[in-house]
Amino acid sequence: MIKAILVFNNHGKPRMSRFYQYYPEDIQQQIVRETFHLVSKRDENVCNFLEGGTLIGGADYKLIYRHYATLYFVFCVDSSESELGILDLIQVFVETLDKCFENVCELDLIFHVDKVHYILAELVMGGMVLETNMTEILTRIEEQNKLEKQEAGIAAAPARAVSAMKEMNIPQKIKDIKLPDLPSIGNLKF
Amino acid sequence: MALKKVKGTLERALDKNVQDLVRGIRNHKETESKYIAECVDEIKQELKQENLAVKANAVNKLTYLQMLGYDISWAAFNIIEVMSSTKFTFKRVGYLAASQCFHDGTDVLMLTTNMIRKDLSSQQMYDAGVALNGLSCFITSDLARDLANDIMTLMASSRPHLRKKAVLIMYKVFLQFPEALRPAFHRLKEKLEDPDPGVQSAAVNVICELARKNPKNYLSLAPLFFKLMTSSTNNWVLIKIIKLFGALTPLEPRLGKKLIEPLTNLIHSTSAMSLLYECINTVIAVLISISSGIPNHTASIQLCVQKLRILIEDSDQNLKYLGLLAMSKILATHPKSVQAHKDLVMQCLDDKDESIRLRALDLLYGMVSKKNLMEIVKKLMVHMDKAEGSHYRDELLAKIVLICSQSNYQYVTNFEWYVSILVELTRMEGTRHGKMIASQMLDVAIRVQAIRHFAVSQMAILLENSHALANNSQRNGICEVLYAAAWICGEFSEHLQNPKATLEYMLRPKITTLPGHIQSVYVQNIIKLYSKVVMKGEVEEDAELIKEVNQLLLDKLPIFVQSSDLEVQERACTMLQLVKYTSKLQDKGVKVADELESLSAGDLNPVALKAQRKVPVPEGLDLDAYINRPPSDSSDDDIQGASFFTMSTDEHRPTYQYEGDNKVYEPTEDELEKLREARKFEVEHNPHYLKGETKRKGKKYDASNIDDIPVARIDLSVPLHVPGVSPSDKYLMLPSSERKGKKSKKGKKKRKKGGHGGTESDEDVEAMHAVSTVVDMPEGVNLSDKDDNDDNLTDPFRKLDINLDEPLRDDEKLPIRTHHIVPESSQDRDLDAEEHKKKSKKKHKKDKEKTKKKDKGTKERKRSKSGHKEKDQPSLLLATSGMENGVETAVNENAGDFKSVVDNIAPSDKIEDIEFWLSGSDAAATPSPSKEEKTVENHVSHSPEITVNDVLSTEEDDNVKISEEKSKKKKKEKRTSTKDKKLKKEKKKREKEKRNEYEEPEGITTPSKENLSISQLGTPMETKLPPMSSYKLLGENASIKMTYETRVTHQRSDQIIVSIIFNNLTSHHVKDMEFNVLDTLNTKLIRGMGQSHHDAVKVPFTLLPGSQNEGQFAFSIDSITMPQRMRGTLTYIVKSDEGSTHDKLDFKINLPCSSYLMTTPCKSADFATLLGSGDLSAKSSVNITPVDTEFSHIIAKLCFFLHFRLVEQVEKSASLYSKTIQDHPVCLLVKMNDGSVSLDGKSTDGTLLSNVLDDAKQLLTDTS
């Protein structure tokens, strides 16, 4: 089981948090902070597994994370999950984000955290891995987006125009999330 | 109107959306909380508006704020409003917010049940999908109960996307509502073979999660998973399955044997590291479970270790980490294989990655030997000096202590070295393991007598430098060692060089800053030292010394008297008075040293951790009995009776004063006193207790706990250097030089150890000190006695420990709502959904019918109690006799929506019953079912050995390969069946007497008994009848005997119930019984829903030694005119002390035509009408010479065994009547002439009649 999925940046600012077990908001924040603390002090070239913090889990739980440019993706899982499998899952997640946002960067996550949630919902449900096949995931997401557009229809046009206006203020987006090659697990196919 | 809408839209466009909110927060970095407070106010306004779009936008913003840590539960109701929107966009927003902030305690959740149900049955796939997603996060037990059935329906949806989600969410449902597991399980099982890989993977996922907690219930799925493993190419699924097998193998070693080969093949072939790693892990689990060294398994171990080495040597830190992790698992059972890689592990200790270092540390634990212990510990000490971060340092410290103390100091050869190490460890800054070091010091000093002298000198040094340790005492755990130091110095003061000096150290004012419990120990041990000094003074007649020391104590002890700690204060007062008194005596010239000495005379042993609990409760003592009756209706009941020493509330008198019930208490005191004495005696005379004997003595290793010494706890911390402590390094040189000399002496004795030539042998390293293993325990109790209190009853997963192979009972079904308004919605509804709805409607109808029936059943029960018998009422059997009917109705109930699934699914082949499947693996080769074989060939690259010839053919259409094994099995069956026949005859006599002994098992009504009484009512009983039993022998071997009878009910014309009594003939438990018969065209065993006609039915009980129990199995029948014989097998496990053995018993069930007859009363007038009506076209007659010529016996037998009913009897002729369950009347005229009996029968069916007459003939001529 996956207990929580956290995305935060290099400064520990939460960009997305998903808990599959209920924690009050303050504890959630504490967990994010603690996890950030644990993860951020690790070098780039150490292993991606951490025996979990004290707040979340316990002996049976592990933190499995990946660091992409400015963002950390951390999964807190128990022993029923395969460590390398979860690393792959993170990769699938990030690649899916990359496809959906067209060259994803931190700003995409900042402004569209809801969409990130929807994408994640196609990968993991209730703490269990739902789908690992990226084409399947993308089809589902596209279909839902289509549905959303249909519903919005003409009524949403003004709203879209306004938001387009607002978008223009954003300084040029920094597209800096690069997906590094992962030689160790590159062979795993889904 | 239109204008309003446009206006709304425009307003909406100007509302802040999430992006604006984010932007705003970013622009108000300084005043973030203020800005957010403004936004929340705005959101509150927006939530008040009618427009759902505005609300959705507001909720979306709230979701973002929630992530930042703001509580949004106040908006729960608004979130539900948004969830209930018909628009997907808004619905999704609502569900997302709900999934982020709803939980068990959210009270508005109970409002959502119907809304979620509506969403789940929505035409729009994504509505249902989103609802499932949300539900998976906030499902409560109420929601789970109410929605379980809807989710079940979705599991059969035609869309894989929904199926997948529904399957996955079932796990959450089970967690919240364990009762759903059994009804839903078989459908879940079906999904394992779903054509859609996503659904399959979800099902594997769920079952793996379930099985992880309660693996034994899922053993029967092993063949299915095995098939999946060899056929699936989805690595994700493979990993899960392989992990699952890892959990299953400890329960079933034969499974492990079967797995080894495919797994090793996967290890060789796969290129995916994650899969490789999981394979290795499971192979390790397998090897652990079958650790009985079968030769070719060393090869597997070698393969694993070798592959792991490759992982560890990899530059990828992740692989390195996992490699070490897996290595430590091998270490437990095959330490030798791992020890060969010591170099690698030591190398990892230097890794820059802390996780890896910690893992390497774990491995070191198993790698030490007598030879390398010092070296390894030295290395660890060096690491400890360098280490940054207290966590890792603490870990190192704990590991050092653990390594040294493991298996009773097995590897420590020189305890002086060990004590030095412990003393060195006290220099650790800020460790929290002070207590651990202290307990080690105490343990070593107490149990290794020879070391005491050295230990005491070291402890004296510690005490001398206690100021360094005692700094910041409250914050530092290390001061705890002073506890040990003080105690050791006091207790073994005879070893002290200069007791007076030590006494002075212990009386420093600084000591008062130490925690109370340490001060208490100080005070106590000061007296011990004091008596030692006085003794010395008296012996040497040094009055000056005595005076000095008296004065010292009189001066210094008062600082303890002022302590705020009660214990310290009390002890100090006592001691002070004692000193005053002795000094008074000494002034008079009395020698008191001996008496002072006796204050602390005698040896102390550590008390075992469990000792208190193990004190046996004396006979006659009822711990739960009240000593004083609690006052009735008292509100503080719980205080009463809890303790012996509670004051009785009314009289304020100790409860152990003599009155009333207190007799119970008396023996306790006596017994306790006896126990105490016995213990003392034992301590004194224990031959194992080593009293300062020679240093070199064979050590006794046992598994006793060494950390048993009770030590209280505290904290403190300080950097320090203790001067004069002997450094441990010097011991490193010692053994190497010593070893040389010894080797020549011991060389010949050196025992040969199998395995690696390179591994060091421990035997030649001599231990320098003996370890005493004595601990105090109550008499007659072993230390190793199991602790029974460890069970953790609060585990939520315990509730899911449910036997899944048992057939479903009547009451086991998912709760289904009774009222449901089907929402009429848009026209463009696809066909699929329409069908769906119809089905669900049908289901409701059936359900209602069923409940009606049930009602009737209960009514009927009442009626029959009051003595009425009405033919046409549904019989008791349906209402009460359990599971068979349950299965049947459940099947009916679900048949509708099943069909669609069943069509999609490849017939679940013949997965042979688990026992058989597993036992196949014992026969040399790997008999994998041929289907696997086929798929295996497609599969990546399987080694050729798997496709050997003697594979079991399991697919029906696969006629090409008929396995030898199968034909063998058939032969065997034949043989046993003939044997059975013989046995049957022999046993029949015994059987007849059995009837009376047979106990009715709880909860099962026995219709046969009722039938019996009915038939006896109608049967004349002037003469005494021989005891009769309708139970016939079914099969018997050395361990099990089965007898059976058949039962029918007029309510079901297509069903017969075979009730079997299982009789355990062994003195062991018989468990996991599985009952299976080969179905014939006409007669089929009714199995659980979804099970194929080859699945066995689990017998829902285990048999205690020598006991018996009855199980009922229902068969569906088409035609009743022909007798049926069915072959079957019962497999079971006999669990004895030596282990468990699997066995099977073949049998044949006879279902003669007469078994379909029901005793039916008939009036003679009706009987005559019936005979005269001409309906009974079939006639038949037979002449028999019966064994028993008593006419009444013959009639009784016919009535009892063939279920006839006497209509009329005139002298030696009688007319009998019966009816079959399919309403064929059978009339019989019995006449007796000179020892022969003629039977004339009439019925509507000729075959039936002649068969019944045959039965009668057999019955009456049977000599046995």
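**Close-up 1. Val206(B) and the residues it touches in this predicted model.** Skip its neighbours within four places in sequence, and Val206(B) is still in contact with Val167(B), Leu168(B), Tyr171(B), Phe174(B) and Leu188(B). Take Tyr171(B) from that set: 35 residues separate it from Val206(B) along the chain, yet the two C-alpha atoms sit 5.8 Å apart. Val206(B) itself belongs to helix 12 of chain B, which covers residues 197-213. Is Val206(B) buried or exposed? Its relative accessible area is 0%, so Val206(B) counts as buried.

**Close-up 2. Val1210(B), out on strand 12 of chain B.** Here we're looking at a strand made of residues 1205-1210, with Val1210(B) in it. Val1210(B) is classed as exposed because its relative accessibility is 51%, and the cut-off for that label is over 50%.

**Close-up 3. A hairpin built from strands 1 and 2 of chain B.** Three residues lie between the two strands of this hairpin. Strand 1 takes in residues 1032-1036, and strand 2 takes in residues 1040-1047. They pair in the antiparallel sense, with four bridges between them. To get your bearings, find Gly1035(B) and look across to strand 2, where Met1042(B) stands opposite. How much of strand 1 is covered? Most of it: four of its five residues are buried.

**Close-up 4. An open, four-stranded sheet in chain B.** Strands of a sheet are held as pairs by backbone hydrogen bonds, and they can run parallel or antiparallel. In this sheet the pairing is antiparallel, and the strand order reads 6-4-8-9. Strand 6 (1097-1098) and strand 9 (1139-1151) are at the edges; each has a single partner strand, so one side of each has no neighbour in the sheet. Strand 4 (residues 1069-1077) and strand 8 (residues 1124-1136) are joined by seven bridges. One spot to check is His1069(B), whose bridge partner in strand 8 is Lys1135(B).

**Close-up 5. The largest cavity, with chains A and B both contributing to its lining.** The largest cavity comes out at a volume of about 200 Å³. It is lined by 20 residues, and the closest to its centre are His117(A), Ala121(A), Leu96(B), Asn133(B) and Gly134(B). Which elements each supply at least two residues of the lining? From chain A they are helix 4 (113-123) and strand 6 (124-125), and from chain B helix 6 (88-101) and helix 8 (125-138). Helix 8 of chain B gives the most, with five residues. By type, the lining splits into nine nonpolar, seven polar and four charged residues.

Close-up 6. Among contacts in chain A with a separation of 6 or more, 57% come from residues 24 or more positions apart. As for the surface, chain A exposes about 7900 Å², with carbon and sulfur atoms supplying 54% of that area.

How values were computed. Residues are numbered from 1 along each chain as its sequence is written. Chains are lettered from A and ligands numbered from 1 in the order in which they are written. This is a predicted model: local features need pLDDT of at least 70, side-chain atom pairs count only at pLDDT 80 or more; totals for chains, interfaces and linings use all residues. Side-chain values use heavy atoms; hydrogens and water are left out. Buried means under 20% relative accessible area, exposed over 50%, partly exposed in between (1.4 Å probe, protein chains only). Two strands pair if DSSP finds at least two bridges between them. Contact means heavy atoms within 4.5 Å. Accessible areas come from the Shrake-Rupley method with a 1.4 Å probe; for residues, only the protein chains shown count as cover. On a 1 Å grid over the protein atoms alone, a cavity is a set of points where a 1.4 Å probe fits but cannot get out, and a pocket is an open set with protein on both sides within 12 Å along at least five of seven lines; lining residues have an atom within 4 Å of a point. Grid points are joined across faces, edges and corners, and a volume is the space filled by probe spheres set on the points. Ala, Val, Leu, Ile, Met, Phe, Trp, Tyr, Cys and Pro count as nonpolar, Asp, Glu, Lys and Arg as charged, and the others, Gly among them, as polar.
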